[in-house]
Amino acid sequence: MGTFEGRTALVTGGSRGIGLAIARSLVDRGARVVLTARKPEALEEAVASLGGPEVAVGVPGNAGDAGHRAEAVRTAVERFGSLDHLVGNVGINPVYGPVVDLELDAFRKILDTNVVGTLGLVQEAWRAWMGEHGGSVLVVASVAGLKASPNIAGYGVSKAALINLVTQLAVELGPRVTVNAVAPAVVKTRFAGALYEGREAEAAAAYPAGRLGEPEDIGEAAAYLLGAGWVTGQTLVLDGGALSRGPA
C-alpha cells in the first residue's frame with residue numbers, strides 16, 4: 001500500500017476505537033494527523049499513543065458545532081501545511097428501539113450530528129484546501145445503512161443517508177477529490193459494546209469469517225480507500241461476510 005509521507009489527514013472521532021485505528025494506520029504510513037473528539041483528556045492520550053505533537057495534534061469539540069469544524073480544518077492547514085485526507089467518523093446513537101416509536105427530536109439530533117455534521121466538515125475542507133489542491137474523503141457508514149436494523153433504526157437511517165451522500169459528493173467533487181465510505185458490521189469498540197458484550201461468541205457465529213471486527217480491520221481498509229486514486233463513490237462493506245448469508 002502506498003506511502004502517505006508529507007500528507008495530512010483530519011480524523012473526526014479519533015480518540016479511540018475505529019477513528020484512532022484509522023489515524024494509526026495513516027501515521028504508520030507517514031502521515032501527520034489532526035484528531036477531533038469531545039474529551040480533551042482522551043485526545044491527549046491518543047496523540048501521545050501516535051507519537052506526539054510532531055505527527056499528531058488534537059482539537060477537542062463537538063462535531064455538531066460549525067465553529068469546531070472550522071477550527072479543526074484550520075488547524076490541519078496551519079499546523080501541518082495541508083489537508084490531503086478527511087475522515088468523517090462521527091456517529092451517535094442515543095436511543096434504541098423501532099423507528100416507528102422514535103422520538104422525533106432524538107431523530108433530528110442523530111441526523112444533525114451524523115449527516116449534517118459530516119457534510120459541514122466536507123464543505124469546510126473543500127473550501128479551505130481540497131477544492132484547490134485535491135485530496136480524498138472517507139466516511140465511516142455502517143451495514144445498518146444497508147438493511148433493516150432492529151433497535152438501531154434511527155442510526156441506520158442516518159448511515160443510509162451518508163452512503164447516498166458519498167455518491168453525490170463523489171460526482172460533485174471529482175476529479176479533484178475522491179469520496180468513499182466503509183460500512184462496518186459489529187466492530188469491538190466501546191461504542192458497539194451493547195451489541196456483543198457478554199455474548200461475543202454468539203454474536204460472532206453469524207459471521208462467515210468466524211469473528212467480530214477489530215478496529216485495525218477498518219484502519220487498513222481506510223488507508224487503501226484514502227490512497228486509491230481511481231476508486232470513488234464506493235461503499236466498501238467490512239462485515240466478515242455477514243451480509244453474504246441470506247435466509248435459510
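**Salt bridges around Lys188**

A: The side chains of Glu200 and Lys188 form a salt bridge, with 3.0 Å from N to O. Glu200 belongs to helix 6 (residues 200-204) and Lys188 to the loop between strand 6 (177-184) and helix 6, so this pair ties together parts that are twelve residues apart in sequence. The model under discussion is a predicted one. In this predicted model, Glu200 is partly exposed because its relative accessibility is 33%, a value that lies between the limits of 20% for buried and 50% for exposed. Lys188 is likewise partly exposed, with a relative accessible area of 28%.

Glu214 is partly exposed, its relative accessible area being 30%. As a general point, side chains of opposite charge can pair when their charged atoms come close.

The structure holds six salt bridges. Another of them joins Asp217 and Arg211, whose closest N and O atoms are 2.9 Å apart. Asp217 counts as partly exposed at 31% relative accessibility, and Arg211 counts as partly exposed at 41%.

Asp217 leads from the charged pairs to an open space. The second largest pocket contains about 150 Å³ of space. It is lined by 14 residues, and those closest to its centre are Gly213, Asp217, Leu238, Asp239 and Gly240. By class, this pocket lining comprises eight nonpolar, two polar and four charged residues.

Arg7 lies over the face of Phe4, at 5.2 Å from the ring centre. Pairs between aromatic rings, by contrast, number zero in the structure.

The structure holds two cavities of 30 Å³ or more. The largest cavity has a volume of about 90 Å³. Thirteen residues line this cavity, and the closest to its centre are Thr12, Ala63, Val90, Gly117 and Leu121. The elements that give two or more residues to its lining are helix 3 (66-80) and helix 4 (104-133). Helix 4 supplies the largest share of that lining, namely four residues. By class, the lining of the largest cavity has four nonpolar, eight polar and one charged residues.

The second largest cavity has a volume of about 40 Å³. Of the 13 residues that line this second cavity, Val95, Gly97, Leu102, Ala153 and Gly154 are the closest to its centre. Helix 5 (residues 153-173) gives the most to the lining of the second largest cavity, with three residues. The lining of this cavity is made up of nine nonpolar and four polar residues, with no charged residues.

In the loop between strand 5 (135-140) and helix 5 lies Asn151. Asn151 has a positive phi of about 75 degrees although it is not a glycine. At 45% relative accessibility, Asn151 counts as partly exposed. Pro175 is found in the loop between helix 5 and strand 6. A cis peptide bond joins Gly174 and Pro175, with omega at about 5 degrees.

The account may close by returning to helix 6, the element that holds Glu200. Ala201 is also found in helix 6. Ala201 is exposed because its relative accessible area is 66%, and the limit for that class is over 50%. The C-alpha atoms of Ala201 and Glu54 are separated by 41 Å, these residues being 147 residues apart along the chain.

Conventions: Residues are numbered from 1 along each chain as its sequence is written. This is a predicted model: local features need pLDDT of at least 70, side-chain atom pairs count only at pLDDT 80 or more; totals for chains, interfaces and linings use all residues. Side-chain values use heavy atoms; hydrogens and water are left out. Rings of Phe, Tyr and Trp (its six-membered ring) pair if their centres lie within 6.5 Å; planes under 30 degrees apart count as stacked, over 60 as edge-to-face and the rest as tilted. A charge sits over a ring if NZ of Lys or CZ of Arg is within 6 Å of the ring centre and within 35 degrees of the ring normal. A salt bridge is a side-chain nitrogen of Lys or Arg within 4 Å of a carboxyl oxygen of Asp or Glu. Buried means under 20% relative accessible area, exposed over 50%, partly exposed in between (1.4 Å probe, protein chains only). On a 1 Å grid over the protein atoms alone, a cavity is a set of points where a 1.4 Å probe fits but cannot get out, and a pocket is an open set with protein on both sides within 12 Å along at least five of seven lines; lining residues have an atom within 4 Å of a point. Grid points are joined across faces, edges and corners, and a volume is the space filled by probe spheres set on the points. Ala, Val, Leu, Ile, Met, Phe, Trp, Tyr, Cys and Pro count as nonpolar, Asp, Glu, Lys and Arg as charged, and the others, Gly among them, as polar.
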